[in-house]
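Here is a short briefing on one helix and the charged pairs of this chain. Please keep the structure open as you read.

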Amino acid sequence: MIIKPTERGDIADLQDVLKGTALFPSEMLPDLVAGFLSGHGSDELWLTCEIDGNAVGFCYAAPEELTQGTWNMRAIAVLPVLQGTGCGAAIVATLEAGLRERGQRILIADTSGTDAFSRTRAFYRKTGYTEEARIRDFWGKGDDKVVFWKSLEST
C-alpha cells in the first residue's frame, strides 16, 4: 500500500472508487482535482492510496478560510471491497502527518447523521476524531450534519 499525492493518471481509477461509493458523481472528479494537479499554488491536498499499481482510495482536504491552521477533510473514499482493510486509516494518517509538518492545528470532517453513514462515523471515531457538533436537518429533513474534530498539535 502506497499513499502518495494524487496524479493525473489516478483519475480513472478514482472515478471507479466514486462509482462504487456514490460519494459524489464521478464526472466531477477531473474538475475538482484540476487546481491541485495544475501545480499553480493550490492549498488543497489530494492523496491517493495505491495497491499493486491501482488507485483504490483517496482523500481531499483544504484549509478553512478565515481560520489559523484549521483544515477540512472534505472527502475520503475507498473501494467498497477494500473498506476496513486499513487503506482509509493510512490515507488519514498520511494527511495528518503532512498537515502537522506544515504546522497546522486542527482537522475537521463533516458527514451525515443518517444510518447509512454509521460506518463513516465509526471510522472517524476509530481514527481518533471526536464528534464536536451536530446541526439538525442540515443536509435535508432528518439528515443531520455531524462534524468530527481532531487536534494536530502535540498534547
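**Helix α3 and salt bridges**

C87, G88, I91, V92, L95, E96 and L99 are the buried residues of α3. The model is predicted. Its salt bridges come to a count of 9.

**Helix α3**
- Helix α3 covers residues 87-101, which makes 15 residues.
- At 1.5 Å a residue, α3 should span 21 Å, and its end C-alpha atoms are 21 Å apart, so the two values agree.
- G103 follows α3 and has a positive phi, near 75°.

**E50 and K4**
- A salt bridge joins E50 to K4, with the closest N and O atoms 3.8 Å apart.
- This pair links distant parts of the chain: E50 is in strand β2 (residues 45-51) and K4 in strand β1 (residues 2-5), 46 residues apart.
- E50 counts as buried because its relative accessibility is 18%, under the 20% cut-off.
- K4 counts as buried too, at 12% relative accessibility.

**R74 and E64**
- R74 and E64 meet through their side chains in a salt bridge (4.0 Å, N to O).
- R74 lies in strand β4 (residues 70-78) and E64 in the loop between β3 (54-63) and β4, so the pair ties together parts 10 residues apart in sequence.
- R74 is partly exposed at 44% relative accessible area, and E64 is partly exposed at 23%.

**K145 and D110**
- The side chains of K145 and D110 form a salt bridge (3.5 Å, N to O).
- K145 sits in strand β7 (residues 143-151) and D110 in strand β5 (residues 106-112), 35 residues apart.
- K145 is buried, with 14% relative accessible area, whereas D110 is partly exposed at 23%.

**Network**
- Salt bridges with shared partners join K4, E7, D10 and E50 into one network.

Key:
Residues numbered from 1 in each chain as written. Predicted model: local features only at pLDDT ≥ 70, side-chain atom pairs only at ≥ 80, totals over all residues. Heavy atoms only, no water. Helix = DSSP H or I, 4+ residues; strand = E, 2+ residues; numbered from the N terminus. Expected span 1.5 Å × (residues − 1). Buried < 20%, exposed > 50% of the residue type's maximum accessible area, 1.4 Å probe, protein only.
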